[in-house]
There are 6 protein chains.
Amino acid sequence: MRPSGRAPDQMRAISIEPNFTRHAEGSVLVSFGDTKVLCTASVEEKVPPFLRGKGQGWVTAEYGMLPRATHTRGSREAAKGKQSGRTQEIQRLIGRSLRAAVDLQKLGERQITLDCDVIQADGGTRTASISGAWVALRIAVDKLMAQGLIANDPITRKVAAVSCGIHDGTAVLDLDYDEDSTAGADGNFVLTDDNNIIEAQVTAEGECYDEEGLLRLLRLARIGCTDIFAAQDRATGR
Amino acid sequence: MRPSGRAPDQMRAISIEPNFTRHAEGSVLVSFGDTKVLCTASVEEKVPPFLRGKGQGWVTAEYGMLPRATHTRGSREAAKGKQSGRTQEIQRLIGRSLRAAVDLQKLGERQITLDCDVIQADGGTRTASISGAWVALRIAVDKLMAQGLIANDPITRKVAAVSCGIHDGTAVLDLDYDEDSTAGADGNFVLTDDNNIIEAQVTAEGECYDEEGLLRLLRLARIGCTDIFAAQDRATGR
Amino acid sequence: MRPSGRAPDQMRAISIEPNFTRHAEGSVLVSFGDTKVLCTASVEEKVPPFLRGKGQGWVTAEYGMLPRATHTRGSREAAKGKQSGRTQEIQRLIGRSLRAAVDLQKLGERQITLDCDVIQADGGTRTASISGAWVALRIAVDKLMAQGLIANDPITRKVAAVSCGIHDGTAVLDLDYDEDSTAGADGNFVLTDDNNIIEAQVTAEGECYDEEGLLRLLRLARIGCTDIFAAQDRATGR
Amino acid sequence: MRPSGRAPDQMRAISIEPNFTRHAEGSVLVSFGDTKVLCTASVEEKVPPFLRGKGQGWVTAEYGMLPRATHTRGSREAAKGKQSGRTQEIQRLIGRSLRAAVDLQKLGERQITLDCDVIQADGGTRTASISGAWVALRIAVDKLMAQGLIANDPITRKVAAVSCGIHDGTAVLDLDYDEDSTAGADGNFVLTDDNNIIEAQVTAEGECYDEEGLLRLLRLARIGCTDIFAAQDRATGR
Amino acid sequence: MRPSGRAPDQMRAISIEPNFTRHAEGSVLVSFGDTKVLCTASVEEKVPPFLRGKGQGWVTAEYGMLPRATHTRGSREAAKGKQSGRTQEIQRLIGRSLRAAVDLQKLGERQITLDCDVIQADGGTRTASISGAWVALRIAVDKLMAQGLIANDPITRKVAAVSCGIHDGTAVLDLDYDEDSTAGADGNFVLTDDNNIIEAQVTAEGECYDEEGLLRLLRLARIGCTDIFAAQDRATGR
Amino acid sequence: MRPSGRAPDQMRAISIEPNFTRHAEGSVLVSFGDTKVLCTASVEEKVPPFLRGKGQGWVTAEYGMLPRATHTRGSREAAKGKQSGRTQEIQRLIGRSLRAAVDLQKLGERQITLDCDVIQADGGTRTASISGAWVALRIAVDKLMAQGLIANDPITRKVAAVSCGIHDGTAVLDLDYDEDSTAGADGNFVLTDDNNIIEAQVTAEGECYDEEGLLRLLRLARIGCTDIFAAQDRATGR
């Protein structure tokens, strides 16, 4: 029995509320249960130095956690003067995952920055971030297309992400904080709606796993992402 | 005529939604029109080094703005590796304003940190922060009292804050971004519900003002804070 | 009775010694009693990026305190690797106050930086800085005009600043360290010689104040600034 | 055909030279072809604050790359004043991987730090680091046991790591720089000598992969780690 | 002929004004011609961690240059967030030089920090700093002895420093900025009043020098330090 | 008797192994006994901003020490976020010393960066760095000349460096860590093969020295550098 009473292959309630803030070109509040992340997509008509004049765009991401998003207050990274290794690892993952779904040539010489800020944390903040950021990106790109700034849709596929892990010997889907902090192995999968994998990462925490375990987690992730793709469709009205 | 169509002494719609997040001992989402700030109060059973063993508590504040809270994306302070002068000035003001409403002896040897994070900005983020943070503090202290950790209420008064300024030659209350960016003089007042002043700060931006102007702004602030105190009462159910 | 024996509306001895150092375009050593600040004005024939090509100039300020300007040694900000919030707040105030006295169009595309470095501190370092920096600026602008680099005087008014506060229930002018560290309310006023206000800031420290108190402090400030304007005239020989 | 002429499942020449430097408790120079990493294990008789008094030890890692380990000179992280996100991600992976092979209770209240410094880079620096660091750790623990400081061997298994990727449509083992920079998908596997997985991470770079692709890479990794375990045995003389 | 018209072995006018500021335990304004440095000695009743409980004291130094001490404004190190290599090199030299004149056992478990802040620069700021800091130290130690906190004088000798260099083929003493910026070789000597050397450092700048050149510079330094010792005696009234 | 059993004027075994790594334009591993430093020369076809368009090149150096190069592990400067004063002092010395041997006009508008990274430390790391860096520079310049990018050899002389000190009252050459940590005076000499001096620096550590002592150390340095020049010749095959 999972602490939350969920079945092993059961996601938490997912909601993706579009246009949560008004200034960003795209914005959503994504919730995976009690995990709530504000994702905004900001379009800038310039690219980083290494891409200037190459006729292509860029998609990047930044991640942050409000100090009291968590059970006990964490220190504010801006006050400490640096982003933690964990923060950097997560924002690199978000950016990489979304770039895998964008044709940067079609985007043109502009940059879209996805800011994922965790308002409340209960496990799975990076996977909620990726899943929500894709919708924010979709909304922003739709505006660029409606404005005639982009001719052909640069988004090549849907992207969703979910965590899976082995908890008390059972493979379970979408770990909340209680499970996450005691899981034996813990993974994050970034999947596409055409049945492919963008990123698979599974880490042993206390107990190793084998090939069979890896596959079981991947299959759970596939189940979870089906739910997330549906929530994304509801949010974008497609 | 103000850009928003408001009367000179008219506040924007104020709402203070208590318990917006679940982990913090106190939390609200405060809105002054389109300005929205998440304020959380975090209680820690320790005090800063300069107060250790002195039998009193401390109240402090930190302020941040999400990168895309604003019309165009600002850089993330955590990524830049330092807080701007503006951020530090604001968080010092918030902390100082709330300490003026707390008997630190009665609080006991514990620290309450008010985190004010701007989700969406449209002028007046610092005054919304102070007004909301007071409610978050009230909720957190009520919990400490209900738990029997504090015997006597350390909160000595209500605190509200509002901006006023001179716009197109007229003194106006609660400036939004359009007014704020073109105001000739611009002030912030932190007031108490017993008719006193905690902080008055008025800055000439392009045109100076005189004693009469200062008083006119203060009287507008008094009007605005009456509205805010009422919103605080609704939020705390008192 | 004030600790120093001064009357409530009595300034400390003010001196502004022009040309204290030789490399800067303008330089003074300003003393308000035992508070001594070296103010230099440095002219650079370039403007910050946000003003390039706009045909106007800029005035900015930096503030520092030598580690042993104070009763006990403070740590060196350069060694700590960052400026404190207090430092940043003060230097923002100095820059803002002086810009209110300069027509940036007439200044032309150049920047004047006012460096205010506290050699010895005894309360009122920020107000002494503003009052002295105005003279350094005046001297530097006079040189630019004498060299024919500026046709019309860009300085539109005199600027002086003084602190006032409520000490032992009495409103007093120009607080020294002994008063400042025990004052119930503490304010800084930046005034012009044409009877206007550039900045008023009054903070309750331990006890709140009311409208009447605010006005009383402002009127004391007016008295003090009259003295300072006279000292500025002596320093510039006008 | 691979750029190096190797078969798809062929490792580069592996060497692990023990005791490469003399001060560290354990030290090796590990080479995977032209990738050369100096790994040292340093024992300190103290643990990080969060573990004090808990009767267990800690294993952690730091990673660095000499500025000219690469084809073109990279900037020195110490001079830039911060470690890149990539560096932090790698050192977190190394530490996590080795902790999965250590019984921290048996280690006792001491910390072993694995420093992995890349002398020359040609792809696979993180996997060489993990594989070499395990030997440095083994040597250091052997010394602690020989000195009677540890009674029971805290090392529970061998750990090796290797990269795999899909290059020109073919799954290949142990990518060098030429392959790595053009691979469609790119993964790192940390495996144990008892046929388990500590970490699997596969990232799509330009082209997605599927379950079958993931398994193919894992099986190549198993082949490569067999070679590495043999090299580790030669280095430790077991 | 030297740019200043001085003879090769002629110092600039030296003055050491004691008690220039009032809070520090020791303070002087030292001038070598137009080079002016404020040196303060601050006594703290604690030692750095590496000396705790060892029954001895410590002497250390910090150095800074006000932004407009120089011909053109330099950036403020506190604003840049770090001290330059040059600054660190100089403050290490000052601390080392003064420690060579102090019996740290006799000083007792306390630290004296010498802050040397350059008010105006015209070459030789580090040697003026050392020469002035010795007097500030002497004054502070005299106070500690007068207060009965130190029984036996811990200062073992006088210390003075001067620069020498080869300018236009001639060995010259006490270079000012004009000479310093065009010298072929440039050295700093820290000497004692008992005819010994604490530090000799001579650097070729554009042209090498030989043993004979080194000796000639040392002998000039001896001449200069005789003058400085006399100025130190005048400042301390001995 | 020296701790190592060497005669006072006896160097440790010197080896300079050229082409130790493959990417750098020049690279050596230099050993002075157990002190081992990897020196690489990296050529970049650009110069620092202050030299742009002046038709001359630049030579600079960076220095680092691997955390466990030393007897006990030091903290990693990249992780601490800054280079120590010692590191900066050393890298400034290396750069200055090598520039004294290069005609920057003949080098053309390009920069050569010498990275000196200490793999193992046993005293004399800065002098080994300079001596090795000269060979790395020689190799890199030879390549540029062979490629026809430089017409005339910009290297004007050989440069070698060695430490000397007074240990137990005796002047000794090339101190190892045991001697260095207990020496009464400690110096570093950078000499040329045409009998000149680039840099002489001798510091009293606990006991002062006199002119005679200075000369004795210089003469020992001359002996040591003769050995180093021979090792440099062997490394470059000249």
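Predicted model: local features only at pLDDT ≥ 70, side-chain atom pairs only at ≥ 80, totals over all residues.

User: How many residues does the largest nonpolar core have?
Analyst: A nonpolar core is a set of buried Ala, Val, Leu, Ile, Met, Phe, Trp, Tyr and Cys residues joined through side-chain atoms within 4.5 Å, where buried means under 20% relative accessible area, exposed over 50% and partly exposed in between (1.4 Å probe, protein chains only). Those with the most contacts inside the largest core include A:Leu114 and B:Leu114. The number of residues in the largest core is 467.

User: In what order do the strands of the open sheet of chain A lie?
Analyst: Helices (H or I, at least four residues) and strands (E, at least two) are DSSP runs numbered from the N terminus, and two strands pair if DSSP finds at least two bridges between them. The edge strands, each pairing on one side only, are strand 1 (14-18) and strand 4 (58-65) of chain A. With mixed pairing among its 5 strands, the sheet has the order 1-2-3-5-4.

User: Which residue is the bridge partner of A:Gly26 in strand 3 of chain A?
Analyst: Strand 2 (residues 26-32) and strand 3 (residues 35-44) of chain A run antiparallel and are joined by 7 bridges. In strand 3 of chain A, the partner of A:Gly26 is A:Ala41.

User: What angle does helix 2 of chain A make with strand 4 of chain A?
Analyst: Axes are lines fitted to C-alpha atoms, for helices over the stretch in contact, and angles run from 0 to 180 degrees between N-to-C directions. Helix 2 (residues 85-99) of chain A packs on the sheet and touches strand 4 and strand 5 (111-120) of chain A. Its direction makes with that of strand 4 of chain A an angle of about 145°.

User: How far apart are the end C-alpha atoms of helix 4 of chain B?
Analyst: Helix 4 (residues 125-146) of chain B has 22 residues, which should span 32 Å at 1.5 Å a residue, the expected span being 1.5 Å times one less than the number of residues. Of these 22 residues, 18 are buried, and the helix is followed by B:Gly148 with a positive phi near 75°.

User: How far apart do the closest C-alpha atoms of chain A and chain E lie?
Analyst: No contact joins chain A and chain E. Their closest C-alpha atoms lie apart by 11 Å.

User: Is E:Asp174 buried or exposed?
Analyst: E:Asp174 lies in the loop between strand 7 (170-173) and helix 5 (177-180) of chain E, and has a positive phi of about 60° although it is not a glycine. Because its relative accessibility is 0%, E:Asp174 counts as buried.

Methods:
Residues numbered from 1 in each chain as written. Chains lettered and ligands numbered in written order. Heavy atoms only, no water. Contact = heavy atoms within 4.5 Å.
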